[in-house]
Amino acid sequence: MVAWRAAGLNYVRYSQIAAQVTRLCTKGGAAAKKSPATLKTSTWENGKLATKSQ
Amino acid sequence: MLARTIQRFSAVAQRGYAAAAAAPVKNANPEELRLTFASPDTAVFSNAVVKQVDVPTLAGMVGVLANHVPTIGVLKPGVVAVTTNEGTVQRLFVSSGTLSVNIDGSCQVLAEEVLKIEDIDESAARAELESAQKASGEGSEVARAEAQIRAEVAEALIKAATNQQ
């Protein structure tokens, strides 16, 4: 078994690290050009919207 | 816990809304190889007919030609080589992702990060390799395993940049 699997990591984590390192080793900010992600969250209570998305 | 979740989200980052999926190709010839090669923000090939695709997977290098047996696999950092019908070879670095080869002749290579070979910063990769190798000998088992992954990726980047694979 590979070391990272033995340590309890899964492939999703492996992929995440691999992508991170790849972005880090990209010339001329080619990785920085991409637009950042946005995340909207809203909470619901008893089927009703408690706070609007922010 | 919440902080960790947010951190995870920011680590994946750089994803927007998905575009509508393309309609399936009708009357596609199962005797040819149709490649879809994409990352979350770019499509390098979209259902293009090609001659051959070489993909690095955790189970080893997989070469796909038309009429390949249906296969699934996960990618490991390395160079994907696509041979077009004209015989030109396009080489791109992938960090990780999935490979699927289907019975209808379609093949998907979906990578988390796709990089042109000339966009690899070799000196940054060497620095990353060194720091990862240092870190792989200390800390918890998980920290050591993560450092080993970083070292593996950096090594693959250097190999790709110096044309060793």
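## Close-up views of chains A and B

**View 1. Where chain B meets chain A.** Here 32 residues from chain B come together with 26 residues from chain A; two residues are in contact if their C-beta atoms, placed from the backbone, lie within 7 Å. On the side of chain B that touches chain A, the elements giving two or more residues are α1 (2-12), α2 (122-135) and α3 (141-161) of chain B. The biggest giver is α3(B), with 10 residues. Helices (H or I, at least four residues) and strands (E, at least two) are DSSP runs, numbered from the N terminus. Sort that side of chain B by type and you get 16 nonpolar, six polar and 10 charged residues. For this sorting, Ala, Val, Leu, Ile, Met, Phe, Trp, Tyr, Cys and Pro count as nonpolar, Asp, Glu, Lys and Arg as charged, and the others, Gly among them, as polar.

This is a predicted model: local features need pLDDT of at least 70, side-chain atom pairs count only at pLDDT 80 or more, and totals for chains, interfaces and linings use all residues. Residues are numbered from 1 along each chain as its sequence is written, while chains are lettered from A and ligands numbered from 1 in the order in which they are written.

**View 2. A helix of chain A crosses α3(B).** The axes of α2(A) (residues 11-24) and α3(B) come within 9 Å and cross at roughly 50°. That angle makes α2(A) oblique to α3(B). Axes are lines fitted to C-alpha atoms, for helices over the stretch in contact, and angles run from 0 to 180 degrees between N-to-C directions. Angles under 35 degrees count as roughly parallel, over 145 as roughly antiparallel, 65 to 115 as roughly perpendicular and the rest as oblique. From α2(A), look for A:Y14, A:I17, A:A18, A:V21 and A:T22, which meet B:E146, B:I149, B:R150, B:V153, B:A154 and B:L157 in α3(B). The residues of this contact split into eight nonpolar, one polar and two charged.

**View 3. Two helices inside chain B.** α2(B) and α3(B) pack with their axes 8 Å apart, at an angle of about 155°. The two helices are therefore roughly antiparallel to each other. Among the residues making this contact are B:L129 and B:A132 of α2(B), along with B:R150, B:A154 and B:L157 of α3(B). Their contact counts 10 nonpolar, one polar and five charged residues.

**View 4. The two domains of chain B.** Chain B splits into domain 1 (29-117) and domain 2 (120-161), with bounds from an automatic or database domain assignment. Their C-alpha centres lie 25 Å apart. Seven residues of domain 1 of chain B touch seven of domain 2 of chain B. The domain 1 side of this contact has five nonpolar, two polar and no charged residues.
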